[in-house]
Amino acid sequence: MKGGHLNRFFGRHSCTLAALVLTTIFLWAGEKNPIFISLLSSEEQLKMYTPDLSVADFDSPALLNSRDQRTEEYSHSHVMEDTEEDASIKHSDSAVMDIPVRPSPERVDESTILGSSVNKQGRWVADSQRPLYSGFGCKQWLSDMWACRLTQRADFTYEGYRWQPDNCEMRDFEGSKFLRRMQDKTIAFIGDSLGRQQFQSLLCMVSGGMENPDVEDVGWKYGLVKPRGAVRPDGWAYRFPDTNTTILYYWSASLCGIQPINITDPATEFAMHLDQPPAFLSQFLAQFHVVILNTGHHWNRGKLRANRWVMHANGNPVTDRKLAEIGNAKNYTIYSITRWLDSQIPLHPGLEVFFRTISPRHFLHGDWNTGGSCDNTIPLSRGSEVLQDKSSDPVVEGAIRGTKVKILDITAISELRDEGHISRYSIKASEGINDCLHWCLPGIPDAWNELLYAQL
């Protein structure tokens, strides 16, 4: 009798049970197999990893401070970044409102955040051995506009500090040791002008700021040559022959795939594919061993209009008004490229990928065009310690959770260093315009590279 009831129960519910079993296997495969994940659409990936975030539901309150995350930077074209010739700053007409993008509790693996990075807590300490290279030198790689020693600035005490994490002794950075550690490897910085600052900083650090005629310009191997009519190429690549180490930078302010909509029209708009990586990264990823990404300061309506960028997702123009909001589009892109790279890491043994958190801006008493400035020259007037254990960039922190992509967390430590900006000392700054976004070099980006070195 009991057996009859049992058989009838399974008979009625066999389809339901089968569906549950198949769903479990499906989800398990997705958790364990990055290649499987890469076959899903970007929306499906985003929903899978962030069940409280839906592309069709962007009503969550902001996570990041919109004042701190406004995104003004030097103007550029779709093939150029900020230029010495055009140092005007375009004003954002849309405050960036970032949204919660937390994974489900069962997928949180704190080791992917804390275990893969140097302790976030620590302090800035004075160091008589700083800076690591001369601000008057490194002319082979350091742009004059960032070499504050070449400007009218008179106070350089900001150069004399290093970051010391708690419960961790970071090795002193030595260029020769770094190059030996990176022998036969290629390091690629992909991002905006703050990524370019980190790239130039690393070149100066590994060379000690000394001229090295043996270093080869190998940009041509990566298509990094100046197009006709452009001010500069899309990036640079240099090979240190003694160790066969290549360090390169590629300009991709949004980390999106950018394609002309009508290649025959010089005035064409460009499809900004929020769910696709830059073509350069897709093409050359197999040749890279270390990739450092960053984005954030170009996400505003003014930038999109100036570059004629039109948001696309799944191959079509974005019509969802919530996804089209700048902050939502940025977060969606950060998640998309992180998941794509996570799917690629198993295919490229030895590849290490870092997502660098956003570099803070320090405008006071106004903005770039309303009298905002950063005139402080007293180091650590904001304090010297970081006591929090969570990142000050929760979007990047959330995006890398559960992936093999690591976080290079520089936001909180850089927030303390408002005296390290270029300020009003830009060589070609307009009257009354302060650069409280970019940093003097040598300076704060050197510490970012020391943290990178410690994690490598």
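Some ground rules. The model is predicted, so local features need pLDDT of at least 70 and side-chain atom pairs count only at pLDDT 80 or more, while totals for chains, interfaces and linings use all residues. Residues are numbered from 1 along each chain as its sequence is written, and side-chain values use heavy atoms, leaving out hydrogens and water.

A disulfide here is a pair of cysteine sulfur atoms within 2.5 Å. The count by that rule is three.

Back to Cys-138 and Cys-204. Their sulfurs sit 2.0 Å apart. Cys-138 is in the loop between strand E1 (122–126) and strand E2 (161–165), and Cys-204 is in helix H5 (residues 193–207), so this pair ties together parts 66 residues apart in sequence. On the labels: helices (H or I, at least four residues) and strands (E, at least two) are DSSP runs, numbered from the N terminus. Both Cys-138 and Cys-204 are buried. Buried means under 20% relative accessible area, exposed is over 50%, and partly exposed lies in between, with a 1.4 Å probe and protein chains only.

Next pair: Cys-148 and Cys-440. The sulfur atoms are 2.0 Å apart. The S-S torsion is about -80°, so this disulfide is left-handed. Cys-148 lies in the loop between E1 and E2, and Cys-440 in the loop between strand E16 (435–439) and helix H12 (444–455), so the bond ties together parts that are 292 residues apart in sequence. Cys-148 is buried, and Cys-440 is too.

Then Cys-374 and Cys-436. Here the sulfurs are 2.1 Å apart. With a torsion of about -95° about the S-S bond, this disulfide is left-handed. The pair links distant parts of the chain, 62 residues apart: Cys-374 is in the loop between strand E12 (352–356) and strand E13 (385–386), and Cys-436 is in strand E16. Cys-374 and Cys-436 are both buried.

What pattern do the disulfides follow? Counting bonded cysteines along the chain, it is 1-3, 2-6, 4-5.

Two further cysteines to mention. Is Cys-256 buried or exposed? Buried, at 2% relative accessible area. Cys-168 has 28% relative accessibility, so Cys-168 counts as partly exposed.
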